[in-house]
Structures are given as C-alpha cells and as structure tokens.
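Colleague: I would like to go through this model with you. Shall we begin with the overall layout and then turn to single residues?

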Amino acid sequence: MDGKTLEQIRDSLLEKWRKIEKHVVRDFEQQEDLQSAHAEIIDIAQSLEQLGRDASLREVERRELLAIERALAKMSSGNFGVCEECVEEIPARRLLVLPEARLCASCQAFEEKQTTRSRLSGASAR
Ligand SMILES: [Zn+2]
C-alpha cells in the first residue's frame, strides 16, 4: 500500500472518530437534560425504555471507537492492513471502504458465519 492511500485511510478513520466522539458527548449531555426534565415525571417504563435504547447505542459506538483506535495503533506500529487471521494483506479498496477492518473479506465472512452458527446453537440449547 502506498503512503498516499494510507494517509487517505487514516484521514477517514480520524473523521469517523471525531464524528462518533461528538455524537457520544452530545448524547451524554442530552441524557443530563433528560434526567432533570424527567425528575418530576413518573413514567418509569418510558424512561427505562429510553435508557435501554441509549445504552445499546453507546455500546455500538464504543465498539466502533475501539476498532478505530486499534486501527490507528496498528498504523503507527506499521502492521496496518494485514489480516489478523491469515496474515494476508487486506486490499486497499476494502480498507478505503472499511478502514477499521481487522480481517480480509474471506476471513470476515468466515468469522461471521461462525458467530451466526454459535448464536443459533446457543439459542436452541436454551
Ligand atoms: Zn484473512
């Protein structure tokens, strides 16, 4: 991968990072408002539902922030763009679309299949 492509990918990672970070901070501020506004409203079910939604949203964002941090760390240590599974180089065109990718397309597809399968067997065991 040439330096220009790498720079382009790093820029898009940083942009993503900033966007999510801003969103998380704003989300947090909104929740502060929500708490004071709801202090006198006794609609527990509604506020619990709201909190549950917020928590899951933050979980997704938190995971994405971690993935971005990880990609940036790999960039600075010089092993960015290498599949963590098969150690093959991840094509630049994939990284331009999904800069935080840890795996190449085929390893990713395999992992997703495994995850779906274990989720399904876990559900039937219950
Ligand atoms: Zn791979």
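Modeller: From the N terminus on, the elements run α-α-α-α. This is a predicted model, in which local features need pLDDT of at least 70, side-chain atom pairs count only at pLDDT 80 or more, and totals for chains, interfaces and linings use all residues. Residues are numbered from 1 along each chain as its sequence is written.

Colleague: How many helices and strands does the protein have?

Modeller: Helices (H or I, at least four residues) and strands (E, at least two) are DSSP runs, numbered from the N terminus. By that rule the secondary structure comes to four helices and zero strands.

Colleague: In which helix is confidence lowest, and in which is it highest?

Modeller: Confidence here is pLDDT, the predictor's score for each residue from 0 to 100. The protein averages 80, and 69% of the residues score at least 70. Where pLDDT is low, the predicted coordinates should not be read in detail. The lowest mean, 77, belongs to helix 2, and the highest, 93, to helix 3.

Colleague: Which residues make up the largest nonpolar core?

Modeller: A nonpolar core is a set of buried Ala, Val, Leu, Ile, Met, Phe, Trp, Tyr and Cys residues joined through C-beta atoms within 7 Å. Buried means 20 or more other C-beta atoms within 10 Å of a residue's own, exposed 12 or fewer, and partly exposed in between, with C-beta atoms placed from the backbone. Nine residues form the largest core: Ile 9, Leu 13, Ile 68, Ala 71, Phe 80, Ile 90, Leu 95, Leu 103 and Cys 104. Helix 1 (3–38) and helix 2 each supply at least two residues of this core.

Colleague: Which residues is Cys 104 in contact with, leaving aside its neighbours within four places in sequence?

Modeller: Contact means that the C-beta atoms of two residues, placed from the backbone, lie within 7 Å. Cys 104 is part of the largest nonpolar core. Its contacts beyond those neighbours are Cys 83, Cys 86, Glu 88 and Ile 90.

Colleague: Why does Lys 16 count as partly exposed?

Modeller: Lys 16 lies in helix 1. Its C-alpha is 9.7 Å from that of Pro 99, 83 residues away in sequence. Lys 16 counts as partly exposed because it has 17 C-beta neighbours inside 10 Å.

Colleague: Where is Val 87, and what is its phi near?

Modeller: Val 87 sits in the loop between helix 2 (44–77) and helix 3 (92–97). Most residues other than glycine have a negative phi. Val 87 has a positive phi, near 60°.
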